Amino acid sequence: MCVKGLYFFTVLSGLAASGVLQVSGIRISTSGDMEAVNGTDARLKCSFQSSFPINPNDVTISWTFRPLSAGREESVFHYQQRPYPPLEGIFRKRIIWAGDVLGRDASIIIRQVKFTYNGTYVCQVKNPPDVHGTVGEIRLRVVTTASFSELLVLALAIGGAIAAVVILLIIIMSCRRCKRRRQGQLEGNEEAPRKERKDPTVCHPSKAIHLYLSETSIEVDSSDGMISEASTKDPSSSEEEGPSSDDEDDGDDSD
């Protein structure tokens, strides 16, 4: 009898060592310790892994709360095909379902946390036939202001976002300037052949010099055939002197 029992134990050990026999179990991961500022919303993250396919109709999720001071454990949230927030207690109208069963997410959100919410939150998931395994725990601490590390992370995140926006704006402005310069160069190259070449011999009217051509007349005396000296007259003055010569001729005729 002892020999048979020893043989059976040896066979089981060998199967377990070879991987033929596998012990199934839900594996749950949580964020561990976390802080939340009084009056803000806190997301309690919980994810799970199962050895069996996820069936949304069979999966059950339970959240419970254990206060820091001596007190009884209180139900916070329950999920089975749909979320069931608490109808009474300190968490009434404070719990929001933020998970996704098919995505293996069992997270919840606590709205406007208070100092009375300090304590340990337990996340438990069952996916039949995978109902055994570890549970996830989150130790929440509600504080008046955020810790220096959280403020530093927040400042770095905001600063990084602002720097990224500024760099992006600089890149956009630089691209626009380069584009405008290229367009200006192309337009200049297109307009250059269209410009008419100016004649260097043509001057502006304001710089022109007016030249007058004088008239030279030769008088011939019909009585003796002698040629008198040439007289030079300005065309502009010829018209003024014309009437006086006519008057002299009329005087000679009268004599």
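Predicted model: local features only at pLDDT ≥ 70, side-chain atom pairs only at ≥ 80, totals over all residues.
**Strand β10**

Six of the eight residues of β10 are buried, and I noted the strand as mostly covered. I then looked up its partners. β5 and β10 run antiparallel and are joined by eight bridges.

**Core**

Next I asked which residues of the largest nonpolar core touch the most other members. They are Trp63, Val76, Tyr121 and Val125, out of 30 residues in that core. I listed the strands that each supply at least two residues of this core: β2 (33-37), β3 (42-44), β4 (46-49), β5, β6 (74-80), β9 (108-110), β10 (119-126) and β11 (136-143).

I went through the contacts of tyrosine 121, leaving aside neighbours within four places in sequence. Tyrosine 121 is in contact with Trp63, Thr64 and Phe65, and also with Gly136, Glu137, Ile138 and Leu140. The rest of its list reads Leu44, Val76, Phe91 and Ile110. Two names on that list, Trp63 and Val76, had already come up among the core residues that touch the most other members.

**Threonine 60**

I looked up threonine 60 in strand β5, which covers residues 60-67. Is threonine 60 buried or exposed? Its relative accessibility is 16%, so I recorded it as buried, the cut-off being under 20%. Beyond its neighbours within four places in sequence, threonine 60 is in contact with Gln124, Val125 and Lys126, as well as with Tyr79 and Gln80.

**Helix α2 and the surface**

I turned to the surface and found a nonpolar patch formed by Leu154, Ile158, Ile162, Val166 and Ile170. Together these residues have about 450 Å² of accessible area. I checked one of them, valine 166, which lies in helix α2 (residues 148-191). Valine 166 counts as partly exposed because its relative accessibility is 40%.

**Proline 85**

I placed proline 85 in the loop between β7 (83-84) and β8 (95-97). Not counting residues up to four places away in sequence, proline 85 touches Phe77 and Ile95. I also took the C-alpha separation between proline 85 and serine 75, which are ten residues apart along the chain, and got 9.4 Å.

**Backbone exceptions**

I kept the backbone geometry for last. Most residues other than glycine have a negative phi, and most peptide bonds are trans. I noted the following exceptions.

Which two prolines are joined by a cis peptide bond? They are proline 128 and proline 129, with omega at about 5°. I located proline 129 in the loop between β10 and β11.

Arginine 104 is not a glycine, yet I read a positive phi of about 60° for it. Arginine 104 sits in the loop between β8 and β9. With a relative accessibility of 28%, arginine 104 is partly exposed.

Glutamine 112, also not a glycine, has a positive phi of about 50°. I found glutamine 112 in the loop between β9 and β10. At 38% relative accessible area, glutamine 112 went down as partly exposed.

How values were computed. Residues numbered from 1 in each chain as written. Heavy atoms only, no water. Helix = DSSP H or I, 4+ residues; strand = E, 2+ residues; numbered from the N terminus. Buried < 20%, exposed > 50% of the residue type's maximum accessible area, 1.4 Å probe, protein only. Contact = heavy atoms within 4.5 Å. Core = buried A, V, L, I, M, F, W, Y, C linked by side-chain atoms within 4.5 Å. Patch = residues over 30% accessible without salt bridge, like charges linked within 9 Å, V, L, I, M, F, W, Y side chains within 5 Å. Areas by Shrake-Rupley, 256 points an atom, 1.4 Å probe, with all protein chains shown as cover. Salt bridge = Lys/Arg side-chain N within 4 Å of Asp/Glu carboxyl O. Pairing = 2+ DSSP bridges.
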